[in-house]
Amino acid sequence: MIWAGGIFPLKNDAQVKTGSRDAILVIAFAAFVAFAGVFTLPPLDRDEARFAEASVQMLESGDYIAIRFQDTERNKKPAGAYWLQAASVAVFSSPEVREIWAYRLPSVLGAILAALFTFAAARRLFGPKAGLIAGLLLAAAPAVAGEATIAKTDALLLACVAAAQWMFIEILSARLDGRNPLWRYIVAFWFAIGAGVLIKGPVILMIIGLTVAALCISRKIRAHLAATKPLAGVLILVLMILPWAYAINAATEGRFFTDAIGGDMLSKVGAAQESHGAPPGYYTILLFILFWPAAAIIPASLKRAIDQRSDWRVQFLLAWIVPSFAAFEFAATKLPHYTLPLYPSFAILAAHAATSGVALPKIAIKSGAVIYGVVGVLLATLMITIPIHFHQQNITVFASGAAAALAACSIFVASSFWRGKVYTGIYCAIVLGAFTAWALLGGILPNITALDVSRRLNEAVVEARLHPIKNGAPPVAITGYYEPSAVFLLGAKTRLESASAAARDLVSLPPRAVIVEARNEAEFKSALNEMHSQAEPLARVQGFNYSNGKEVDLTIYRMASGVDKE
């Protein structure tokens, strides 16, 4: 069995029981962290809402090949994540209720599997203690907790990369021990790559390919790379990917690959898309924030890796990190989650450094302790400043307590590392990572009503009994607020248009709800006056559009009483 022979080698019953216990602990902890904001956070703009809406349109239309947001083709990523989201909604919810948590479950599963596969890879390389710490560290990372809460591709890609690299480790380990690798590892290696391609295109090919290229430097490893059976692998990839590639190419008349490769992927390399640019060094700084529980041990682990670079296991982990990290650093378009597939390797190196039994460099540990403490205090400051900034009095007391606890515990953990208590520091940091995820994603952010514009609009339209999905009313027209989360909640036929067009829609097909942003109010009323019509305000929703950094003031209208058309 892969479970017994892969995650923990079958040596004796005690080791199997220990391995099973540790695996269950990693799964349970990863699930606990991953669910922090799944049920409480509203649909997020813009990527999550676009993914969720495209997935629900698959269910509503029965077309599982073409990917669309409303009537526009969404030719950016393959269909894998959309299929999983659609399946999750079909099993656990329904398209009509628009419950965003159902679309997030595949991401939750991706985060859990990524932690489990990281645990398995680290256990194979460096033993049980390293495996447990690596799996828990990855699960506690803010970047992983955040992506587990968002219905898109990145947690799933993380799981695919972690699975492929674990299988790669199993294959190389067998060959270097003088054994033939089991075919199940070879097939699983290529299957994980194929799944990664179907979820996020060629990103996984780049990461695995650069890992292989870097490993070719080592003559010892280079001689065993053929054990991955590339010809069989190509056949597996063709069988997995070609049917969908053929179908989507036919459905879009070739536009999918033109847009996805030329318009999306390659353009991110040469120029910053959507103002997402940053200089080299961006991901290096973010690593200590987005992988905060490991921040104190990262400097020492990298120093230890350089010292042990002749060890093939360390060579593999460095080959996983260095070339891909450099590629991301020098790409023009940068987003925080792009380097997430490299985090399992950082987790394993950190776990190895902590469990190696060799004294770690004091300067590296002390510098890491300082970084950890500073980041922890900054996160605590963020917890309290967000509700204060948005005048959210009802959550300020909770946020103040959570921030105080986080700051105090961060200083304690930093002091533990400073004094060389690495084990104490790591396990406390892991627990603190889970606490931070639940405080921010489960407690503070979901209760900031200023950020919850689309959900409050949706509730107001339902209360007015003018909801297209729940009340059978005509599609809602919106002017001045064009966020995908509103489309997801109000339905695919939601009309995003100018103020004058919204006024015409209101008059032409009542009873209809029209949502007007204050900046468009004058144009909207002027258009109504020209048609000798009047609108009746039903509700007002004010808040902050975090997608563009602007405050919004939205009014929901219907035709004034006495002028509705029969």
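The model is predicted, and local features need pLDDT of at least 70, side-chain atom pairs pLDDT 80 or more, while totals for chains, interfaces and linings use all residues. Residues are numbered from 1 along each chain as its sequence is written, and side-chain values use heavy atoms, without hydrogens and water.

Helices are DSSP runs (H or I, at least four residues) and strands likewise (E, at least two), numbered from the N terminus. Of the 27 residues in α5, 23 are buried (under 20% relative accessible area, 1.4 Å probe, protein chains only). Just after α5, select Gly127, whose phi is positive at about 105°.

Next, display Leu84, Leu109, Leu113, Leu156 and Ile199, which lie nearest the centre of the second largest pocket among its 26 lining residues. A pocket is an open set of points on a 1 Å grid over the protein atoms alone, with protein on both sides within 12 Å along at least five of seven lines; lining residues have an atom within 4 Å of a point. α5 gives the most to this pocket's lining, seven residues.

Finally, move to Asp45, Leu451, Val453, Ser454 and Ser485, nearest the centre of the largest cavity, which 14 residues line. In a cavity, a 1.4 Å probe fits but cannot get out. Colour α21 (453–463), α22 (484–490) and β6 (535–545), which each give two or more residues to the cavity lining. The largest share, three residues, comes from α21.

How values were computed:
Buried means under 20% relative accessible area, exposed over 50%, partly exposed in between (1.4 Å probe, protein chains only).
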